[in-house]
Amino acid sequence: MDKPFISLSPEITRANALTLMDWLEDEGVTRYLSDSRHVSRFIEQVIHRVQLPTLNHLFNQGGRFFMAYDRHDVPVGFVRLVKNGRNCEMVLVIGNRDNWGRKLGASAIREGMKLAFFDMRADKLIAKIHPDNERSLKAFLRSGFSLERETPAMKSLAMNSERYLRLLRESPAAHTCDIYITEIDKARLRSLVEVEQDSGIFELEHEIERAIVVDPRQVAQDVVTMNSKALLRVDDEELEVALVYPEDADDGAGKLSVCSGIGTAILGYKEGDAFSWRMPHRTCHIRIGKVLYQPEAAGDFHL
């Protein structure tokens with residue numbers, strides 16, 4: 001699991017704010033940020049004026065702000081998303097120079113796109129980049145963005161929702177494995193997504209949309225489908241779980257709702273797959289040990 005991995009968290013702590021100030025004092029980091037001085041002054045004022053442990057509401061004025069973490073839960077940058085009508089604009093910064101060149105920017109872009117299109121329901125995502133900022137230009141272009149317009153002072157790159165969904169299936173993120181979902185499960189899970197009120201349901205929708213759809217009679221026996229039972233290793237803990245719909249969930253009995261963090265995470269993976277997944281306050285490292293029971297393999301499904 002050494003491929004580039006970034007997760008975005010909406011929680012901004014006082015420690016995060018101090019880290020942001022350190023990044024914004026580096027002229028190499030702020031060289032192409034037009035409002036870096038304003039942001040730095042704002043953060044300094046917030047730290048001295050507000051004594052709350054988290055500062056989410058202050059950083060989300062006029063847009064949504066996310067800290068970017070690597071797989072070891074170390075903050076490496078930030079992403080800001082600003083919705084304007086049906087369009088959304090992304091600002092991305094990798095704050096520590098030691099992390100430049102690790103392709104973390106591309107991973108952060110993928111996570112930002114997920115939020116913009118699935119959570120914020122944007123039709124188009126835009127990135128406005130200085131023409132001399134070659135590193136950012138390459139990262140966005142390699143992520144599938146295309147040049148929409150340019151001036152001597154700015155290049156505007158864009159990605160629309162239709163192209164994003166196509167790339168999601170054709171060009172998966174570097175840190176992910178292919179996942180598989182049956183036609184029956186996909187139909188029922190889509191209906192679930194439409195009515196579920198949980199704020200994190202967009203993660204499940206993202207997984208449904210990127211999955212390879214297979215006939216229930218042809219899905220491999222070692223794939224985690226709905227109502228499967230599997231042995232997992234989550235960090236250093238071994239768990240035996242069943243993946244179920246929300247109405248059947250019982251954490252005490254190891255029945256995990258597909259809408260829960262680990263439930264969403266394991267859907268469609270197969271035996272031997274190992275990957276990282278961001279939970280609300282930390283990153284989990286998950287490995288699918290063995291699929292103990294799968295209704296499709298047992299012929300226990302209904303068309």
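A salt bridge here is a side-chain nitrogen of Lys or Arg within 4 Å of a carboxyl oxygen of Asp or Glu. By that rule, lysine 124 pairs with glutamate 148, with 2.6 Å between the closest N and O atoms, and a search of the whole structure finds 18 salt bridges. The structure is a predicted model, where local features need pLDDT of at least 70, side-chain atom pairs count only at pLDDT 80 or more, and totals for chains, interfaces and linings use all residues. Residues are numbered from 1 along each chain as its sequence is written, and side-chain values use heavy atoms, with hydrogens and water left out.

**Salt bridges across the chain**

- Side chains of opposite charge can pair when their charged atoms come close.
- Helices (H or I, at least four residues) and strands (E, at least two) are DSSP runs, numbered from the N terminus.
- Both partners are partly exposed: lysine 124 has a relative accessible area of 25%, and glutamate 148 has 31%. Buried means under 20% relative accessible area, exposed over 50%, and partly exposed in between (1.4 Å probe, protein chains only).
- Arginine 97 and aspartate 26 also form a salt bridge through their side chains, at 2.7 Å from N to O. This pair links distant parts of the chain, 71 residues apart: arginine 97 is in the loop between β4 (87-94) and α5 (104-119), and aspartate 26 is in the loop between α1 (14-24) and α2 (27-30).
- Arginine 97 is partly exposed, at 43% relative accessibility.

- Lysine 114 and glutamate 203 meet through their side chains in a salt bridge of 2.9 Å, N to O. Lysine 114 belongs to helix α5 and glutamate 203 to helix α9 (residues 201-210), so the pair ties together parts that are 89 residues apart in sequence.
- Lysine 114 is buried, with a relative accessible area of 6%.
- Glutamate 111 is in helix α5 and is buried, at 13% relative accessible area. Not counting residues up to four places away in sequence, glutamate 111 touches Ile6, Leu8 and His175. Contact means heavy atoms within 4.5 Å.
- In α9, 9 of the 10 residues are buried, so the helix is largely enclosed by the rest of the structure. Among them are Ile201, Phe202, Leu204 and Glu205.
- Histidine 206 lies in helix α9 and counts as buried at 10% relative accessibility. Leaving aside neighbours within four places in sequence, histidine 206 is in contact with Lys114, Phe118, Tyr164 and Leu168.
- The C-alpha atoms of histidine 206 and proline 10 are separated by 18 Å, and the two residues are 196 apart along the chain.

**Other buried positions**

- Serine 161 is placed in helix α7 (residues 161-170) and is buried, with a relative accessible area of 17%. Beyond residues up to four places away in sequence, serine 161 touches Phe117, Ala122 and Asp123.
- Leucine 243 is part of strand β11 (residues 237-244) and counts as buried, at 1% relative accessibility.
- The contacts of leucine 243, not counting residues up to four places away in sequence, include Val224, Met226, Leu256, Val258, Ile266 and Leu267. Serine 257 is 14 residues from leucine 243 along the chain, and their C-alpha atoms are separated by 6.2 Å.

**At the surface**

- Lys103, Arg135, Lys138 and Arg142 gather in a patch of positive charge on the surface. Patches are made of residues with over 30% relative accessible area and no salt bridge, with like charges joined within 9 Å and nonpolar side chains (Val, Leu, Ile, Met, Phe, Trp, Tyr) within 5 Å.
- For charge, Lys and Arg count as positive and Asp and Glu as negative, while His and the chain ends are not counted. The place of a charge is taken as NZ of Lys, CZ of Arg, CG of Asp or CD of Glu.
- Arginine 135 lies in helix α6 (residues 134-142) and is exposed, with a relative accessible area of 52%. Accessible areas come from the Shrake-Rupley method with a 1.4 Å probe, and for residues only the protein chains shown count as cover.
- Alanine 297 is found in the segment after β14 (283-293) and is partly exposed, at 42% relative accessible area.
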